[in-house]
Amino acid sequence: MILIKKSSDLLSHISELKKANRIIGFVPTMGALHDGHLSLIESAKQKCDIVVCSIFVNPTQFNQASDLASYPRTLENDIRLLLSKSCDILFHPEIDEVYGNLLEKESSEDYGSFIHVLEGASRPGHFDGVVTVLRKLFLLVQPNQVYFGQKDYQQCLVVKTLIQRSFQDIVFNLCPIAREKDGLAMSSRNVRLNQSEREVAPKIFESLQLVAQNWTITNWELGLNQAQVNLQKPPFQFEYLCACDPMSLDSLTHFQSNAIILVAVQLGSTRLIDNILVGS
Ligand code: AMP
């Protein structure tokens, strides 16, 4: 694996690969890698000649300075894990390599109404930061295929829109959520949970499963209400658990067979999100 820290070095390396017609797969991450990230690398390895992973804790997508400051950074272990998956290139730039000396954000305001709900409402400016950094990274890496996790479902809709608008040659790949044995969705932030928080954290996925099991025209609202009640008790600080249309993210007012159930809760000082697709 080649470790590249400079954008100019990455550009010249990619240009050689392009000349040789190599299919480039790209997995953007913020590091503190776990099996969820590695499953994306594995998927990319299956279809692409060269897999590029980026590790960049993007300051413009954090809406809380404390979250950015305490974001886990585990580069040595990340490198070890990437080597174990035969990743070809790791791009690990400093902030100024990506942004110059101005942390300017582009706007995702006109991406559609889905940009303003759920994570968009809870984390103002978050998706502006996401599209800003992804545009920069896509221009540098020039991937044929990109790989994103369903774990960040709303982000996937944002990325698909960015691709439709500006990068039509890139193929988007949605990868399933990797979970711990007890169902908790893997996340870099899970290491921040203390023991008692970690013990109750599986209730998040249990609540999603409860909704999925009751996903019928007669039971759906009952299941949804019960799941909300489960996560409205301490130690959870409930943010949202809702059933939405998978494309528009409009909150459902009537039953529909295909839906996505999305959840966000705060557990101690850690914010956790998860989701499940239901229906045929
Ligand atoms: P992050 O480092 O959190 O920005 O995540 C980088 C990529 O890994 C994103 O596409 C995430 O959706 C994906 N990802 C994060 N957690 C998981 C997971 N548990 N399973 C699958 N993909 C994940």
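Trainee: Is R22 buried, exposed or partly exposed?

Mentor: R22 counts as partly exposed, because its relative accessibility is 35%. Keep in mind that this is a predicted model.

Trainee: What does R22 pair with?

Mentor: R22 forms a salt bridge with D49. The closest N and O atoms of the two are 4.0 Å apart.

Trainee: How many salt bridges does the structure hold?

Mentor: The structure holds 14. One of them joins the side chains of K45 and D88, at 3.3 Å from N to O.

Trainee: Which parts of the chain does that one link?

Mentor: Distant ones: K45 is in helix α2, while D88 is in the loop between α4 (75-84) and β4 (89-91), 43 residues apart. K45 counts as partly exposed at 30% relative accessibility, and D88 is partly exposed with a relative accessible area of 21%.

Trainee: Why would side chains like these pair at all?

Mentor: Opposite charges can pair when the charged atoms come close.

Trainee: OK, on to the strands. What does R271 meet in a salt bridge?

Mentor: The side chain of R271 meets that of E239, at 2.9 Å from N to O. R271 lies in strand β9 (residues 270-278) and E239 in strand β7 (residues 236-244), so this pair ties together parts that are 32 residues apart in sequence.

Trainee: Is R271 buried or exposed?

Mentor: R271 is buried, because its relative accessible area is 18% and the cut-off for buried is under 20%. E239 counts as partly exposed, at 31% relative accessibility.

Trainee: Which residues are linked in a network of salt bridges?

Mentor: D67, R123, R189 and R192 are linked that way.

Trainee: Change of topic: helix α10. Which of its residues are buried?

Mentor: In α10 (residues 203-213), the buried residues are I204, F205, S207, L208 and V211. Seen down the axis of α10, they fall within an arc of 155°, so they line one face of the helix.

Trainee: And what covers them?

Mentor: The cover over the buried residues of α10 includes α11 (220-231), β7, β8 (259-267) and β9.

Note on methods:
Residues numbered from 1 in each chain as written. Predicted model: local features only at pLDDT ≥ 70, side-chain atom pairs only at ≥ 80, totals over all residues. Heavy atoms only, no water. Buried < 20%, exposed > 50% of the residue type's maximum accessible area, 1.4 Å probe, protein only. Helix = DSSP H or I, 4+ residues; strand = E, 2+ residues; numbered from the N terminus. Arc of directions from axis to C-beta. Contact = heavy atoms within 4.5 Å.
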